[in-house]
Amino acid sequence: METIKVSYTEMKSVFTRILIKNNFSKVKAEQCAEIFATNSLDGVYSHGVYRFPRFINYIQKGFVKPDAEPELVHTAGALEQWEGKLGPGPLNAEKCTARAMELASKNGIGCVAIKNTNHWMRGGTYGWQAAKQGYVFIGWTNTEKNMPAWGAKESRLGNNPLVFAVPFRDEAIVIDFAMTQFSYGKIEATKLEGKDLPFAGGFNSKNELSSKPAEILETMRGLPIGYWKGAGLSLLLDILATILSAGLSTVELSKQEAEYGVSQVFIAIDLKKLHNFPAIEKTIAEIITDFKQSVPINETSAIRYPGERVVETRKTNLKLGIPVLRESWQNILKL
């Protein structure tokens with residue numbers, strides 16, 4: 001399939017125009033468009049340019065409320081519970097991350113749990129947001145049912161993405177991963193590109209492991225990371241997101257016609273509050289230096305820490321443009 005290059009500026013401008021057309025204020029449209037365009041710039045196309053049409057569809061169906069503002073419901077020290085009011089997930093997530101950092105600045109640690117919000121797109125966005133300002137970040141979200149318990153035939157767990165981030169030099173070390181071997185956004189993007197996954201990513205209708213996106217999307221049975229370990233972690237993330245936010249669980253979300261009104265948790269830690277803060281940068285650098293001394297199995301490949309590839313991709317896409325399937329971009333221009 002033919003791929004074209006779209007500049008970051010053009011992509012953000014197109015997204016902004018379409019969002020304004022769909023009842024976003026100019027300010028909110030620009031904020032949301034920046035998140036989608038930046039995700040694409042960083043190489044996370046599955047939760048950027050390729051996810052944008054579905055976001056617009058959810059707005060038009062009323063699942064996402066463009067003018068909704070999140071509201072504080074309850075405070076318990078450094079922990080706050082918020083109501084998302086079905087507002088745009090990326091904007092709610094940015095606000096919750098900023099609030100968690102404010103709480104951390106006062107208390108050393110801050111936790112914001114939000115119910116009734118929407119898909120945050122790339123969870124790593126908020127890890128970068130916090131880490132670039134000097135905070136450790138931990139965050140996760142629950143989802144609808146799309147992953148089986150280990151050994152089960154049907155999906156009753158969500159792939160519940162989890163994010164860890166820590167400041168590193170001028171950038172950050174950020175890991176952002178779903179509980180499935182591949183996120184469904186990645187599986188859908190791979191299908192769009194007419195490719196197979198590089199490793200088995202789920203089960204087909206014959207209960208066999210498969211690397212074919214269409215087969216996995218048909219069953220909605222993604223492969224848990226670490227097999228039983230990923231399945232167990234998914235269950236606990238759902239329980240914690242649900243009880244901390246007082247929101248909907250995976251089982252409740254799955255009773256709806258689509259995935260909306262999810263529960264999320266945002267935790268920030270202010271490193272400046274730690275007694276060893278002056279030595280932290282040196283400590284992380286020493287750990288990464290040792291990590292980078294790993295000898296690759298394939299001599300042509302490099303050992304990268306989480307987030308390192310993002311920085312490289314960002315520089316390339318800024319210079320050459322963001323690669324997008326021509327047909328997908330043409331469909332977006334018609335929105």
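**Overall fold, cores and helix H10**

With 335 residues, a compact globule would have a radius of gyration near 20 Å, and the protein chain agrees with this at 20 Å. The radius is taken over C-alpha atoms, and the globule rule is 2.2 Å times the number of residues to the power 0.38. The model is predicted: local features need pLDDT of at least 70, side-chain atom pairs count only at pLDDT 80 or more, and totals for chains, interfaces and linings use all residues. Residues are numbered from 1 along each chain as its sequence is written, and side-chain values use heavy atoms, with hydrogens and water left out.

The C-alpha atoms fill a box of roughly 55 × 50 × 45 Å along the principal axes. The secondary structure comprises 12 helices and 13 strands. These are DSSP runs numbered from the N terminus (helices: H or I, at least four residues; strands: E, at least two). Of the 335 residues, 51% are buried. Buried means under 20% relative accessible area, exposed over 50%, and partly exposed in between (1.4 Å probe, protein chains only).

The largest nonpolar core has 61 residues. Such a core is a set of buried Ala, Val, Leu, Ile, Met, Phe, Trp, Tyr and Cys residues joined through side-chain atoms within 4.5 Å. Met11, Phe15, Leu19, Val49, Phe55 and Trp329 have the most contacts inside this core. Leaving aside neighbours within four places in sequence, Leu19 contacts Phe24, Ala29, Cys32, Ala33, Phe52, Phe55, Ile56 and Ile59. Another core, of 12 residues, lies apart from the largest one and includes Cys111, Ala113, Met179 and Val265.

Helix H10 spans residues 277-292 and has 16 residues. From first C-alpha to last, H10 reaches 23 Å, close to the 22 Å expected at 1.5 Å a residue. The expected span is 1.5 Å times one less than the number of residues. Ile280, Ile284 and Ile288 are the buried residues of H10. Seen down the axis, they fall within an arc of 55°, so they line one face of the helix. The arc is that of the directions from the helix axis to the C-beta atoms. These buried residues pack against strands S8 (162-168) and S9 (171-177). On the other side of H10, Pro278, Lys282 and Asp290 are exposed.

Ala246 sits in the loop between helices H8 (228-245) and H9 (250-253). Not counting residues up to four places away in sequence, Ala246 touches Gln81 and Lys115.

Methods. Contact means heavy atoms within 4.5 Å.
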